[in-house]
Amino acid sequence: MRARTASASVPEALAAPPESGRVRLAGVATMLGSGLANQTGAAVGSLAFPVLGPVAVVAVRQYVAAVVLLAVGRPRLRAFTWRQWWPIVLLALVFGTMNLSLYTAIDRIGLGLAVTLEFLGPLAIALAGSRRRVDALYSLLAAAGVVVLMRPQPSADYVGMALGLLAAACWASYILLNRTVGRRVPGAQGSGAAAALSALLFLPVGIVIALRQPPTPGAVACAVAAGVLSSAVPYLADVFTLRYVPARAFGLFMSVNPVLAALVGLVGLGQRLGGAEWAGIGAIVAANVLALRGRAGKAG
């Protein structure tokens, strides 16, 4: 799950060919560690939901992301023009909405299903504008997975599912806005400014929640850990990975995050999924992988 975290904003310019088999292996190991950290962070953050609630956990996560990206990007805010500021403002709003909808969905429908629905966002971007007939088949495969996951059941939480789809729409918007910000603002300055603005928007929320219901040290520690594992670690890991792993391989590996989320939810939170849910997750992951491979082959 990159929900999508700050790591979504790593500049593509950092990508470089692998220097050696050992370095490439280190890059793959880093990708795996980044994915596990991301999903583990979400799982740890969910442990604070009974005390803080998803909104407060997301607020703390936004604070951590802001600290990391401000330190890395070092944005010169006074030098930004309106043409640079408006996509940054939109990016900040989408960033906060994306994480809030995802974490609320996790609270309602579990980690694996929420992250899987969220991954429809980048899949939609990958398939958008394609004229290949095979991509239409990938769309149908993903749609079949969604139907399986959202099929009517007595215990179905459609509000939680809708929030997962909202997170997907936000992630798609996040990708497009990041491209615009990356073209208009040098380096990671735009990402740092957007993260800081998003954290600023969540600041009153954090203050109100803290005053109305003082959090326990354990809950705060879980929320901070979620921010570190799901924001700081993936961002720094991706900066390293994109230097030594081809961008298309990075994108393909990202597609397995729903599986990692389901496994972390099972092992860490005891969230068991039935065979139908695993089939739905598999269909969406397969559609994502096939679509990305097709685009990489077409580009090559």
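**Exercise 1. Work out the handedness and geometry of the H3–H8 crossing.**

*Solution.* The crossing of H3 and H8 is right-handed, the label used if the near helix is turned clockwise from the far one by less than a right angle. Here helices are DSSP runs of H or I with at least four residues, and strands are runs of E with at least two, numbered from the N terminus. Before going on, keep in mind that this is a predicted model, where local features need pLDDT of at least 70, side-chain atom pairs count only at pLDDT 80 or more, and totals for chains, interfaces and linings use all residues. Numbering starts from 1 along each chain as its sequence is written, and side-chain values use heavy atoms, leaving out hydrogens and water.

Next, take the angle: H3 (residues 82–109) and H8 (residues 189–212) pack at about 55°, with axes 8 Å apart. Axes are lines fitted to C-alpha atoms, for helices over the stretch in contact, and angles run from 0 to 180 degrees between N-to-C directions. The two helices are therefore oblique to each other, since angles under 35 degrees count as roughly parallel, over 145 as roughly antiparallel, 65 to 115 as roughly perpendicular and the rest as oblique.

Finally, list the partners, with contact meaning heavy atoms within 4.5 Å. Residues of H3 including Ile88, Leu91 and Phe95 meet a set in H8 that includes Ala194, Leu197 and Phe202.

**Exercise 2. Find which residues have the most contacts inside the largest nonpolar core.**

*Solution.* A nonpolar core is a set of buried Ala, Val, Leu, Ile, Met, Phe, Trp, Tyr and Cys residues joined through side-chain atoms within 4.5 Å. The largest one holds 69 residues, and Tyr103, Ile106, Leu111 and Leu120 have the most contacts inside it. H3 gives the most to this core, with eleven residues. Now look around tyrosine 103: leaving aside residues up to four places away in sequence, its contacts include Phe49, Pro54, Arg61 and Ser230.

**Exercise 3. Decide whether asparagine 288 and arginine 74 are buried or exposed.**

*Solution.* Start with the cut-offs: buried means under 20% relative accessible area, exposed over 50%, and partly exposed in between (1.4 Å probe, protein chains only). Asparagine 288, in helix H12 (residues 275–299), has a relative accessible area of 3% and is therefore buried. Beyond four places in sequence, asparagine 288 touches Phe119, Leu123 and Ser255.

Arginine 74 lies in the loop between H2 (49–73) and H3. At 65% relative accessibility, arginine 74 counts as exposed. One more thing to check there is the backbone: arginine 74 has a positive phi of about 45° although it is not a glycine.
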